[in-house]
Amino acid sequence: MSARPYVLLSVAVSIDGYLDDASPDRLLLSNPEDFDRVDAVRADCDAILVGAETLRRDNPRLLVGSDTRRAHRIAAGKPEFPVKIVVTATGELDPELRFFHTGGDKLVYTTDRGAARSAGPLAGLAEVVSLGASVDFGALLEDLGRRGVGRLMVEGGGHIHTAFLATDLADELLMAVAPVLVGDSAAPRFLRPADFPGGPRRRMELADVARVGDVALLRYLPKQRAAPGTPQ
């Protein structure tokens, strides 16, 4: 069996832990310097993954924007763009979304029911892969490993980030904290309630802290556990 890819979660949040506000327009939490950093992270990955809710709400293209970075990928023998992936349980995806009409290869991971619904509308736009009766993220990673994906960037949204952390499948978390407060219970939060491994007694390793303009960038290693005897 091929090795599962290294899984990097990438997220921008407000100080109070929101991904966005509740308005129809997307709240831009990152600054230009941080958007450029995210572009560099994308360029270093083999694939980029989002959930269907993020695709419907933000209609992202999920591309590497820098001509120089794309040229470096090609020079290294890689495709110009990372593989783009969306996860959907229902298969309810609009084939007109920009995701399907930009970049290179595209994968849709879904359920048996979702595959039956989406295979026709997405024919010629993306490869639809069923994971069975429900979305199994471990099986998803194993399939990506067989496809040669060594480094996977997960860009959200909250349900997807929660799933990777709750199933202990995330290797790294890059969290950009913007100096804003949202304070709206109707707005989407970074994580949903879940049975996370180890609960609040399990401490991640804080591997790095950096300043990107007015944004604080925190790099955590979720799978690192405190050494035996260390207070938790």
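Select aspartate 143 and arginine 146 in this predicted model. The two side chains form a salt bridge, with 3.6 Å between the closest N and O atoms. Both residues sit in helix H5 (residues 137-146), and because they are three residues apart, about one helical turn separates them. Colour the pair by accessibility: aspartate 143 is buried, at 13% relative accessibility, whereas arginine 146 is exposed, with a relative accessible area of 51%.

Next, select aspartate 168 and arginine 202. Their salt bridge has its closest N and O atoms 3.2 Å apart. This pair links distant parts of the chain, 34 residues apart. Aspartate 168 is in the loop between helix H6 (158-166) and strand E7 (172-178), and arginine 202 is in the loop between E7 and strand E8 (205-212). Aspartate 168 counts as partly exposed at 23% relative accessibility; arginine 202, with a relative accessible area of 17%, is buried.

Then show Asp20, Glu53, Arg57 and Asp58 together. Salt bridges with shared partners join these four residues into one network.

Move on to arginine 69 and aspartate 36. Their side chains meet in a salt bridge of 3.1 Å, N to O. Arginine 69 belongs to helix H3 (residues 67-75) and aspartate 36 to helix H1 (residues 32-43), so the pair ties together parts that are 33 residues apart in sequence. Aspartate 36 has 41% relative accessibility and counts as partly exposed.

How values were computed
Residues numbered from 1 in each chain as written. Predicted model: local features only at pLDDT ≥ 70, side-chain atom pairs only at ≥ 80, totals over all residues. Heavy atoms only, no water. Helix = DSSP H or I, 4+ residues; strand = E, 2+ residues; numbered from the N terminus. Buried < 20%, exposed > 50% of the residue type's maximum accessible area, 1.4 Å probe, protein only.
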